[in-house]
Amino acid sequence: MDHRIPVGVLGATGMVGARLVHMLVEHPWFRLAEVVASERSAGEPLGALLSGADAAGLPSEITGLEVKTPGEALSSPLLLSALPSSVAKEIEEAAAGEGRLVVSNASAHRTDADVPLVIPEVNPDHLALLDAQRSRWPGGIVTNPNCAVAVLATCLAPLHEAFGLERVVVTTLQAISGAGRPGPAAFDLVDNVLPHIAGEEPKIAGEPRKILGTVRDGVVVDADFAVGATAVRVPVLHGHLVSVACSLRKKAAPEEAVAAMSGWRGHVADLELPTAPAHPLEIAEEVDRPQPRLDRDRGGGMTVTVGRVRAGGALHLSFVALAHNLVRGAAGAALLNAELCHARGLA
Ligand SMILES: NC(=O)c1ccc[n+]([C@@H]2O[C@H](COP(=O)([O-])OP(=O)(O)OC[C@H]3O[C@@H](n4cnc5c(N)ncnc54)[C@H](OP(=O)(O)O)[C@@H]3O)[C@@H](O)[C@H]2O)c1
(Lines give C-alpha, C1' and ligand atoms only; values in the text may rest on other atoms or scores of the structure.)
Protein backbone atom coordinates (compact mmCIF):
# COMPACT_ATOMS: atom_id res chain seq x y z
CA MET A 1 0.00 0.00 0.00
CA ASP A 2 1.46 3.38 -1.07
CA HIS A 3 0.60 5.99 1.57
CA ARG A 4 2.35 8.87 -0.17
CA ILE A 5 0.34 11.97 -1.09
CA PRO A 6 -0.73 11.96 -4.76
CA VAL A 7 0.57 15.02 -6.61
CA GLY A 8 0.13 16.39 -10.10
CA VAL A 9 2.66 18.31 -12.20
CA LEU A 10 1.25 21.11 -14.40
CA GLY A 11 3.50 21.76 -17.42
CA ALA A 12 5.14 18.34 -17.02
CA THR A 13 6.52 18.26 -20.58
CA GLY A 14 8.53 21.50 -20.20
CA MET A 15 12.03 22.18 -18.98
CA VAL A 16 11.07 22.67 -15.33
CA GLY A 17 8.21 20.16 -15.36
CA ALA A 18 10.46 17.35 -16.59
CA ARG A 19 12.92 18.11 -13.81
CA LEU A 20 10.07 17.98 -11.29
CA VAL A 21 8.98 14.62 -12.65
CA HIS A 22 12.51 13.27 -12.10
CA MET A 23 12.69 14.70 -8.58
CA LEU A 24 9.41 13.00 -7.69
CA VAL A 25 10.63 9.51 -8.61
CA GLU A 26 10.97 7.69 -5.28
CA HIS A 27 10.08 10.81 -3.30
CA PRO A 28 9.42 9.71 0.29
CA TRP A 29 6.31 11.86 0.86
CA PHE A 30 4.79 12.48 -2.60
CA ARG A 31 3.72 10.15 -5.42
CA LEU A 32 3.45 11.51 -8.97
CA ALA A 33 -0.13 10.63 -9.86
CA GLU A 34 -0.97 12.83 -12.86
CA VAL A 35 0.65 15.12 -15.39
CA VAL A 36 -0.84 18.07 -17.27
CA ALA A 37 0.32 19.99 -20.35
CA SER A 38 -1.30 21.87 -23.23
CA GLU A 39 -3.89 20.66 -25.76
CA ARG A 40 -0.94 19.86 -28.05
CA SER A 41 0.16 17.08 -25.70
CA ALA A 42 -3.23 15.83 -24.51
CA GLY A 43 -3.79 12.07 -24.43
CA GLU A 44 -0.18 11.16 -25.22
CA PRO A 45 1.95 9.14 -22.79
CA LEU A 46 4.38 11.46 -21.00
CA GLY A 47 7.42 9.47 -22.17
CA ALA A 48 6.57 10.10 -25.82
CA LEU A 49 6.61 13.88 -25.27
CA LEU A 50 9.85 14.27 -23.33
CA SER A 51 13.18 14.67 -25.10
CA GLY A 52 15.44 11.60 -24.96
CA ALA A 53 17.53 13.15 -22.20
CA ASP A 54 14.46 14.12 -20.15
CA ALA A 55 12.86 10.67 -20.49
CA ALA A 56 16.05 8.73 -19.64
CA GLY A 57 15.91 6.90 -16.33
CA LEU A 58 12.19 7.36 -15.70
CA PRO A 59 10.27 4.21 -14.71
CA SER A 60 7.52 2.96 -17.00
CA GLU A 61 4.72 3.82 -14.55
CA ILE A 62 5.74 7.47 -15.04
CA THR A 63 6.55 7.51 -18.76
CA GLY A 64 3.19 5.77 -19.29
CA LEU A 65 1.14 8.47 -17.52
CA GLU A 66 -1.34 9.91 -19.98
CA VAL A 67 -1.04 13.69 -20.27
CA LYS A 68 -4.18 15.57 -19.25
CA THR A 69 -5.24 19.11 -20.14
CA PRO A 70 -6.05 21.74 -17.50
CA GLY A 71 -9.79 21.42 -18.23
CA GLU A 72 -9.89 17.73 -17.29
CA ALA A 73 -10.81 16.52 -13.81
CA LEU A 74 -7.79 16.12 -11.54
CA SER A 75 -7.66 14.09 -8.35
CA SER A 76 -4.49 15.26 -6.56
CA PRO A 77 -4.81 17.59 -3.55
CA LEU A 78 -1.34 19.02 -4.28
CA LEU A 79 -0.23 20.41 -7.65
CA LEU A 80 3.27 21.52 -8.61
CA SER A 81 3.00 24.07 -11.39
CA ALA A 82 5.59 24.66 -14.11
CA LEU A 83 3.22 26.49 -16.44
CA PRO A 84 4.14 29.58 -18.46
CA SER A 85 2.98 32.64 -16.55
CA SER A 86 0.72 33.62 -19.43
CA VAL A 87 -1.59 30.67 -18.68
CA ALA A 88 -0.75 30.01 -15.02
CA LYS A 89 -3.00 32.66 -13.53
CA GLU A 90 -6.27 31.21 -14.73
CA ILE A 91 -5.33 27.54 -14.35
CA GLU A 92 -3.80 27.87 -10.89
CA GLU A 93 -6.73 29.93 -9.62
CA ALA A 94 -9.18 27.32 -10.91
CA ALA A 95 -7.23 24.60 -9.07
CA ALA A 96 -7.19 26.63 -5.84
CA GLY A 97 -10.93 27.14 -6.35
CA GLU A 98 -11.33 23.36 -6.33
CA GLY A 99 -9.60 23.23 -2.95
CA ARG A 100 -6.13 22.17 -4.14
CA LEU A 101 -2.84 23.57 -2.92
CA VAL A 102 -0.83 24.83 -5.90
CA VAL A 103 2.91 25.34 -5.48
CA SER A 104 4.02 27.37 -8.46
CA ASN A 105 7.16 28.30 -10.39
CA ALA A 106 5.27 30.82 -12.48
CA SER A 107 5.45 34.56 -11.81
CA ALA A 108 1.68 35.11 -12.27
CA HIS A 109 0.87 35.30 -8.54
CA ARG A 110 4.23 36.17 -6.97
CA THR A 111 3.36 39.80 -6.32
CA ASP A 112 -0.21 39.19 -5.06
CA ALA A 113 -0.47 40.60 -1.53
CA ASP A 114 -1.99 37.37 -0.17
CA VAL A 115 0.33 34.92 -1.98
CA PRO A 116 3.50 33.84 -0.19
CA LEU A 117 6.76 34.05 -2.18
CA VAL A 118 8.90 31.58 -0.31
CA ILE A 119 12.40 30.17 -0.08
CA PRO A 120 11.98 27.72 2.81
CA GLU A 121 15.36 28.41 4.42
CA VAL A 122 14.78 32.18 4.21
CA ASN A 123 11.14 33.07 4.95
CA PRO A 124 9.04 30.02 5.90
CA ASP A 125 6.93 32.30 8.15
CA HIS A 126 5.47 33.93 5.01
CA LEU A 127 3.21 30.87 4.63
CA ALA A 128 1.01 32.72 7.14
CA LEU A 129 -0.30 34.67 4.12
CA LEU A 130 -2.26 31.56 3.12
CA ASP A 131 -4.83 32.50 5.80
CA ALA A 132 -5.71 35.61 3.80
CA GLN A 133 -6.41 33.48 0.70
CA ARG A 134 -9.33 31.78 2.45
CA SER A 135 -11.59 34.61 1.30
CA ARG A 136 -10.64 33.92 -2.33
CA TRP A 137 -10.74 30.10 -2.54
CA PRO A 138 -10.78 26.96 -0.42
CA GLY A 139 -7.33 25.88 -1.64
CA GLY A 140 -4.14 27.91 -1.81
CA ILE A 141 -1.31 29.19 -3.99
CA VAL A 142 2.33 29.33 -2.87
CA THR A 143 5.09 30.59 -5.17
CA ASN A 144 8.85 30.29 -5.43
CA PRO A 145 10.99 33.10 -6.84
CA ASN A 146 12.45 33.81 -10.23
CA CYS A 147 15.44 31.53 -10.89
CA ALA A 148 18.08 34.26 -10.50
CA VAL A 149 16.34 35.62 -7.40
CA ALA A 150 16.53 32.15 -5.82
CA VAL A 151 20.32 32.45 -5.95
CA LEU A 152 20.46 36.13 -5.00
CA ALA A 153 17.98 36.14 -2.10
CA THR A 154 19.52 33.04 -0.53
CA CYS A 155 22.90 34.75 -0.18
CA LEU A 156 21.42 38.10 0.77
CA ALA A 157 19.40 36.54 3.64
CA PRO A 158 22.26 36.00 6.11
CA LEU A 159 23.81 39.36 5.18
CA HIS A 160 20.51 41.14 5.77
CA GLU A 161 19.97 39.29 9.06
CA ALA A 162 23.48 40.11 10.33
CA PHE A 163 24.24 43.55 8.91
CA GLY A 164 21.13 44.99 7.21
CA LEU A 165 21.17 45.65 3.47
CA GLU A 166 21.04 49.17 2.15
CA ARG A 167 21.67 48.86 -1.61
CA VAL A 168 22.25 45.92 -3.92
CA VAL A 169 23.56 46.08 -7.49
CA VAL A 170 23.41 42.75 -9.32
CA THR A 171 24.28 41.50 -12.78
CA THR A 172 22.96 38.03 -13.58
CA LEU A 173 24.64 35.72 -16.11
CA GLN A 174 21.78 33.35 -16.90
CA ALA A 175 21.91 29.93 -18.53
CA ILE A 176 20.03 28.92 -21.66
CA SER A 177 17.73 26.45 -19.86
CA GLY A 178 16.34 29.38 -17.89
CA ALA A 179 14.47 30.41 -21.02
CA GLY A 180 12.57 27.10 -21.28
CA ARG A 181 12.05 25.28 -24.59
CA PRO A 182 12.97 26.13 -27.29
CA GLY A 183 14.99 29.00 -25.80
CA PRO A 184 17.04 31.51 -27.80
CA ALA A 185 18.19 30.47 -31.27
CA ALA A 186 21.67 28.93 -31.31
CA PHE A 187 22.53 31.38 -34.08
CA ASP A 188 22.01 34.27 -31.64
CA LEU A 189 23.75 32.77 -28.61
CA VAL A 190 26.80 30.78 -29.73
CA ASP A 191 29.89 33.03 -29.56
CA ASN A 192 27.73 35.72 -28.00
CA VAL A 193 25.94 37.10 -24.95
CA LEU A 194 22.49 38.73 -24.99
CA PRO A 195 22.41 41.75 -22.66
CA HIS A 196 18.65 41.81 -22.18
CA ILE A 197 16.15 39.19 -20.93
CA ALA A 198 12.57 40.35 -21.37
CA GLY A 199 10.72 40.96 -18.11
CA GLU A 200 13.55 39.73 -15.91
CA GLU A 201 15.02 42.85 -14.30
CA PRO A 202 11.85 44.06 -12.50
CA LYS A 203 11.51 40.58 -10.93
CA ILE A 204 15.14 40.60 -9.78
CA ALA A 205 14.71 44.10 -8.36
CA GLY A 206 11.39 43.45 -6.63
CA GLU A 207 11.23 39.85 -5.41
CA PRO A 208 14.16 39.94 -2.93
CA ARG A 209 12.46 42.78 -1.06
CA LYS A 210 9.26 40.74 -0.63
CA ILE A 211 11.16 37.57 0.35
CA LEU A 212 13.26 39.40 2.94
CA GLY A 213 10.26 41.43 4.09
CA THR A 214 8.37 41.03 7.34
CA VAL A 215 4.84 39.69 7.85
CA ARG A 216 2.83 42.24 9.81
CA ASP A 217 -0.95 41.99 10.31
CA GLY A 218 -1.21 39.34 7.61
CA VAL A 219 0.67 41.24 4.88
CA VAL A 220 4.34 41.47 3.88
CA VAL A 221 6.08 44.77 4.50
CA ASP A 222 8.89 44.77 1.93
CA ALA A 223 12.46 44.94 3.20
CA ASP A 224 13.85 48.44 3.01
CA PHE A 225 16.72 48.21 0.54
CA ALA A 226 17.10 49.12 -3.13
CA VAL A 227 18.08 46.64 -5.86
CA GLY A 228 19.42 47.57 -9.31
CA ALA A 229 19.54 44.63 -11.74
CA THR A 230 21.00 43.83 -15.16
CA ALA A 231 20.05 40.42 -16.63
CA VAL A 232 22.24 38.84 -19.31
CA ARG A 233 21.81 35.53 -21.19
CA VAL A 234 25.07 33.60 -21.64
CA PRO A 235 25.89 30.43 -23.63
CA VAL A 236 25.85 28.10 -20.60
CA LEU A 237 23.44 25.16 -20.50
CA HIS A 238 22.51 25.20 -16.79
CA GLY A 239 23.48 27.35 -13.80
CA HIS A 240 22.79 31.04 -13.17
CA LEU A 241 25.70 33.11 -11.86
CA VAL A 242 25.04 36.42 -10.12
CA SER A 243 27.65 39.13 -9.57
CA VAL A 244 26.62 41.22 -6.56
CA ALA A 245 27.80 44.44 -4.96
CA CYS A 246 26.04 45.70 -1.86
CA SER A 247 26.22 48.34 0.82
CA LEU A 248 25.33 47.39 4.37
CA ARG A 249 23.78 49.38 7.22
CA LYS A 250 26.39 47.94 9.59
CA LYS A 251 29.66 47.80 7.67
CA ALA A 252 31.24 44.33 7.57
CA ALA A 253 34.67 43.14 6.50
CA PRO A 254 34.74 40.35 3.87
CA GLU A 255 35.74 37.81 6.57
CA GLU A 256 32.66 38.76 8.63
CA ALA A 257 30.42 38.38 5.58
CA VAL A 258 31.94 34.96 4.85
CA ALA A 259 31.37 33.91 8.47
CA ALA A 260 27.73 35.04 8.32
CA MET A 261 27.07 33.16 5.08
CA SER A 262 29.03 29.96 5.73
CA GLY A 263 27.56 29.44 9.19
CA TRP A 264 24.00 30.03 8.00
CA ARG A 265 21.66 27.02 7.90
CA GLY A 266 18.39 28.88 7.35
CA HIS A 267 15.16 28.45 9.28
CA VAL A 268 13.98 24.93 8.41
CA ALA A 269 17.03 22.79 9.26
CA ASP A 270 15.07 21.09 12.07
CA LEU A 271 12.33 19.89 9.70
CA GLU A 272 14.60 17.54 7.71
CA LEU A 273 12.80 18.27 4.44
CA PRO A 274 13.81 15.61 1.89
CA THR A 275 14.94 18.09 -0.80
CA ALA A 276 16.76 20.48 1.57
CA PRO A 277 20.54 20.42 1.11
CA ALA A 278 22.74 20.05 4.19
CA HIS A 279 24.16 23.49 3.38
CA PRO A 280 21.96 26.08 1.62
CA LEU A 281 25.11 28.17 1.09
CA GLU A 282 28.71 27.04 0.63
CA ILE A 283 31.74 29.26 0.22
CA ALA A 284 34.23 28.35 -2.50
CA GLU A 285 37.72 29.33 -1.42
CA GLU A 286 39.32 29.14 -4.88
CA VAL A 287 39.65 32.49 -6.61
CA ASP A 288 38.12 31.22 -9.88
CA ARG A 289 34.95 29.69 -8.43
CA PRO A 290 32.01 29.23 -8.59
CA GLN A 291 31.77 28.04 -12.19
CA PRO A 292 28.61 26.59 -13.77
CA ARG A 293 30.15 23.31 -14.89
CA LEU A 294 31.95 22.69 -11.60
CA ASP A 295 29.50 23.98 -9.02
CA ARG A 296 25.90 23.85 -10.30
CA ASP A 297 25.26 20.31 -8.99
CA ARG A 298 26.51 21.00 -5.47
CA GLY A 299 24.00 19.70 -2.91
CA GLY A 300 22.06 17.98 -5.68
CA GLY A 301 21.64 21.38 -7.38
CA MET A 302 20.10 22.93 -4.23
CA THR A 303 23.21 24.51 -2.72
CA VAL A 304 24.14 28.07 -3.66
CA THR A 305 27.91 28.43 -4.05
CA VAL A 306 29.38 31.80 -3.10
CA GLY A 307 32.85 32.94 -4.10
CA ARG A 308 35.13 35.93 -4.52
CA VAL A 309 33.83 37.67 -1.38
CA ARG A 310 35.81 40.88 -1.24
CA ALA A 311 35.68 44.48 -0.14
CA GLY A 312 33.85 46.46 -2.77
CA GLY A 313 35.10 49.63 -4.38
CA ALA A 314 32.02 51.77 -4.72
CA LEU A 315 29.88 49.66 -2.33
CA HIS A 316 30.99 47.79 0.83
CA LEU A 317 31.04 44.23 -0.38
CA SER A 318 31.24 42.27 -3.64
CA PHE A 319 30.80 38.56 -4.36
CA VAL A 320 29.58 36.10 -6.98
CA ALA A 321 27.14 33.24 -6.41
CA LEU A 322 25.78 30.40 -8.48
CA ALA A 323 23.18 27.61 -8.38
CA HIS A 324 21.40 25.27 -10.78
CA ASN A 325 18.53 27.29 -12.24
CA LEU A 326 16.33 24.25 -12.88
CA VAL A 327 16.83 22.86 -9.36
CA ARG A 328 17.39 25.59 -6.70
CA GLY A 329 15.90 28.07 -9.16
CA ALA A 330 12.79 26.13 -10.16
CA ALA A 331 11.85 22.44 -9.69
CA GLY A 332 13.75 21.93 -6.44
CA ALA A 333 12.48 25.25 -5.11
CA ALA A 334 8.84 24.27 -5.71
CA LEU A 335 9.34 20.78 -4.31
CA LEU A 336 10.98 22.15 -1.18
CA ASN A 337 8.07 24.56 -0.73
CA ALA A 338 5.64 21.64 -1.10
CA GLU A 339 7.60 19.71 1.53
CA LEU A 340 7.50 22.72 3.86
CA CYS A 341 3.72 22.97 3.38
CA HIS A 342 3.38 19.27 4.17
CA ALA A 343 5.60 19.54 7.25
CA ARG A 344 3.41 22.44 8.43
CA GLY A 345 0.21 20.43 7.92
CA LEU A 346 -0.89 22.52 4.93
CA ALA A 347 -0.69 19.72 2.33
N1 LIG B 1 13.50 27.39 -16.88
C2 LIG B 1 13.82 27.88 -15.69
O3 LIG B 1 15.01 27.85 -15.27
C4 LIG B 1 12.79 28.48 -14.78
C5 LIG B 1 13.18 28.89 -13.52
C6 LIG B 1 12.23 29.44 -12.64
C7 LIG B 1 10.92 29.57 -13.05
N8 LIG B 1 10.56 29.18 -14.31
C9 LIG B 1 9.15 29.30 -14.66
O10 LIG B 1 8.61 27.98 -14.71
C11 LIG B 1 7.59 27.90 -15.70
C12 LIG B 1 7.94 26.81 -16.70
O13 LIG B 1 9.16 27.15 -17.36
P14 LIG B 1 9.84 26.18 -18.44
O15 LIG B 1 11.16 26.77 -18.68
O16 LIG B 1 9.73 24.77 -17.98
O17 LIG B 1 8.86 26.39 -19.71
P18 LIG B 1 8.65 25.42 -20.96
O19 LIG B 1 9.84 24.55 -21.16
O20 LIG B 1 8.20 26.30 -22.06
O21 LIG B 1 7.40 24.45 -20.53
C22 LIG B 1 6.08 24.94 -20.44
C23 LIG B 1 5.12 23.82 -20.05
O24 LIG B 1 3.81 24.34 -19.91
C25 LIG B 1 2.91 23.63 -20.77
N26 LIG B 1 1.88 24.53 -21.30
C27 LIG B 1 2.04 25.56 -22.17
N28 LIG B 1 0.84 26.15 -22.42
C29 LIG B 1 -0.08 25.45 -21.71
C30 LIG B 1 -1.49 25.55 -21.55
N31 LIG B 1 -2.22 26.50 -22.17
N32 LIG B 1 -2.11 24.67 -20.75
C33 LIG B 1 -1.40 23.70 -20.10
N34 LIG B 1 -0.07 23.55 -20.21
C35 LIG B 1 0.58 24.42 -21.00
C36 LIG B 1 3.78 23.07 -21.87
O37 LIG B 1 3.11 21.95 -22.46
P38 LIG B 1 3.30 21.50 -24.01
O39 LIG B 1 4.55 20.67 -24.05
O40 LIG B 1 2.07 20.74 -24.28
O41 LIG B 1 3.43 22.77 -24.80
C42 LIG B 1 5.01 22.67 -21.06
O43 LIG B 1 4.76 21.47 -20.38
C44 LIG B 1 7.51 29.31 -16.32
O45 LIG B 1 6.51 30.04 -15.66
C46 LIG B 1 8.89 29.90 -16.04
O47 LIG B 1 8.88 31.29 -16.01
C48 LIG B 1 11.44 28.63 -15.17
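**View 1. Pro 290 lies in the loop between strand E11 (281–283) and helix H11 (292–295).** In this predicted model, the peptide bond that joins Arg 289 and Pro 290 is cis, and its omega angle is about 5°.

**View 2. The whole protein is shown with its helices and strands, which number 12 and 13.** Along its principal axes, the C-alpha trace of the protein spans about 60 × 50 × 35 Å. A compact globule of 347 residues would have a radius of gyration near 20 Å, and the protein has 19 Å, so the value agrees with that expectation. Buried residues account for 50% of the 347 residues in the protein. When contacts are counted between residues at least 6 apart in sequence, 73% of them join residues that are at least 24 apart.

**View 3. The protein is divided into domain 1 (5–146 + 331–343) and domain 2 (147–325).** The centres of domain 1 and domain 2, taken over C-alpha atoms, are separated by 24 Å. Domain 1 brings 31 residues to the contact, while domain 2 brings 30 residues. On the side of domain 1 that touches domain 2, the elements that give two or more residues are helix H6 (130–133) and H12. Of these, H12 gives the most to that side of domain 1, with 7 residues. Sorted by class, the residues on the side of domain 1 that touches domain 2 are 18 nonpolar, 8 polar and 5 charged.

**View 4. The largest nonpolar core has 101 residues.** In soluble globular proteins, nonpolar side chains tend to be buried together. The members of this core that touch the most other members are Leu 20, Leu 80, Leu 152, Ala 153, Val 306 and Ala 321. Helix H7 (residues 147–163) gives the most to the core, with 12 residues. Both domain 1 (5–146 + 331–343) and domain 2 (147–325) give residues to this core, so it lies between them. For a closer look at one member, Leu 152 is in contact with Val 170, Ile 204, Pro 208, Val 242 and Val 244, once its neighbours within four places in sequence are left aside.

**View 5. Asp 191 and Arg 308 are two residues with a positive phi angle, although neither is a glycine.** Asp 191 has a phi of about 65°, and its place is in the loop between H8 and helix H9 (200–211). Is Asp 191 buried or exposed? Asp 191 counts as exposed because it has 7 C-beta neighbours inside 10 Å, and a residue with 12 or fewer falls in that class. Arg 308 has a phi near 55°, and it is found in a strand, E12 (residues 304–311). Arg 308 has 18 C-beta neighbours inside 10 Å and therefore counts as partly exposed.

**View 6. Leu 127 is found in the loop between strand E4 (101–104) and H6.** Because Leu 127 has 19 C-beta neighbours inside 10 Å, it counts as partly exposed; a residue is classed as buried if 20 or more such atoms lie within that distance. Leu 117 is 10 residues away from Leu 127 along the chain, and the C-alpha atoms of these two residues are separated by 8.3 Å. When its neighbours within four places in sequence are set aside, Leu 127 is in contact with Pro 116, Val 118, Val 142, Cys 341, Arg 344 and Leu 346.

Note on methods. Residues numbered from 1 in each chain as written. Predicted model: local features only at pLDDT ≥ 70, side-chain atom pairs only at ≥ 80, totals over all residues. Helix = DSSP H or I, 4+ residues; strand = E, 2+ residues; numbered from the N terminus. Rg over C-alpha atoms; globule rule 2.2 N^0.38 Å. Contact = placed C-beta atoms within 7 Å. Domains from an automatic or database assignment. Nonpolar A, V, L, I, M, F, W, Y, C, P; charged D, E, K, R; others polar. Core = buried A, V, L, I, M, F, W, Y, C linked by C-beta atoms within 7 Å.
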